[in-house]
Amino acid sequence: MIRLASAILIQMIKDVDNGGYQEDIDTFIKSSWFEQLALLADLDPDYIKDQIKSGTYRRISLRAAYR
């Protein structure tokens, strides 16, 4: 289940990078579903929201998330 949550969050980051989905991303990160996925992946949802909104999130190797 952790891998599924991580994969969804990774896809969100890819969508942020590609642009064109800003309204959907804003809706998603405001949802309780986003918070549940982030917590399941052992991430702080508020920190992620701040990073996405400010555009200062760090790009990491996506291979690590699929292990």
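Why does Phe 28 count as buried? Phe 28 has 16% relative accessibility, so it falls in the buried class; here buried means under 20% relative accessible area, exposed means over 50%, and partly exposed lies in between (1.4 Å probe, protein chains only).

## Before you start

This is a predicted model, in which local features need pLDDT of at least 70 and side-chain atom pairs count only at pLDDT 80 or more, while totals for chains, interfaces and linings use all residues. Residues are numbered from 1 along each chain as its sequence is written, and side-chain values use heavy atoms, leaving out hydrogens and water.

## The overall fold

Let's take the whole chain to begin with. The protein has four helices and zero strands, in the order α-α-α-α along the sequence. Helices (H or I, at least four residues) and strands (E, at least two) are DSSP runs, numbered from the N terminus.

Of the 67 residues, 31% count as buried. The accessible surface comes to about 5,000 Å², with 53% of it belonging to carbon and sulfur atoms; these areas come from the Shrake-Rupley method with a 1.4 Å probe, and for residues only the protein chains shown count as cover. A contact means heavy atoms within 4.5 Å. Among contacts between residues at least 6 apart in sequence, 60% join residues at least 24 apart.

## Helix α1

α1 has 17 residues and reaches 24 Å from its first C-alpha to its last, close to the 24 Å expected at 1.5 Å a residue. The expected span is 1.5 Å times one less than the number of residues. Its buried residues are Ala 5, Ser 6, Leu 9, Ile 10, Met 12, Asp 15 and Val 16, and the buried residues of α1 pack against α2, α3 and α4. After α1 comes Gly 19, with a positive phi near 70 degrees.

## The nonpolar core

A nonpolar core is a set of buried Ala, Val, Leu, Ile, Met, Phe, Trp, Tyr and Cys residues joined through side-chain atoms within 4.5 Å. The largest one here holds 14 residues, of which Met 12, Phe 28, Phe 34 and Ile 52 touch the most other members. The elements giving two or more residues to this core are α1 (2–18), α2 (22–29), α3 (32–40) and α4 (45–54). Among them, α1 gives the most, with four residues.

If you select Met 12 in your viewer, look for its partners: leaving aside neighbours within four places in sequence, Met 12 is in contact with Ile 25, Phe 28, Ile 29, Phe 34, Ile 48 and Ile 52.

## An aromatic cluster

There are two aromatic pairs in the structure. The rings of Phe 28 and Trp 33 have centres 5.6 Å apart and planes at 80 degrees, so this pair is edge-to-face. Phe 28 also forms an edge-to-face pair with Phe 34, at 5.5 Å centre to centre and 75 degrees between the planes. Rings of Phe, Tyr and Trp (its six-membered ring) pair if their centres lie within 6.5 Å; planes under 30 degrees apart count as stacked, over 60 as edge-to-face and the rest as tilted.

Phe 28, Trp 33 and Phe 34 form one aromatic cluster. Phe 34 is buried, at 0% relative accessibility, whereas Trp 33 is partly exposed, at 44%.

## A loop residue to look at

Asp 42 is found in the loop between α3 and α4. Its phi is positive, near 60 degrees, in a residue other than glycine. Most residues other than glycine have a negative phi. With a relative accessible area of 69%, Asp 42 is exposed.
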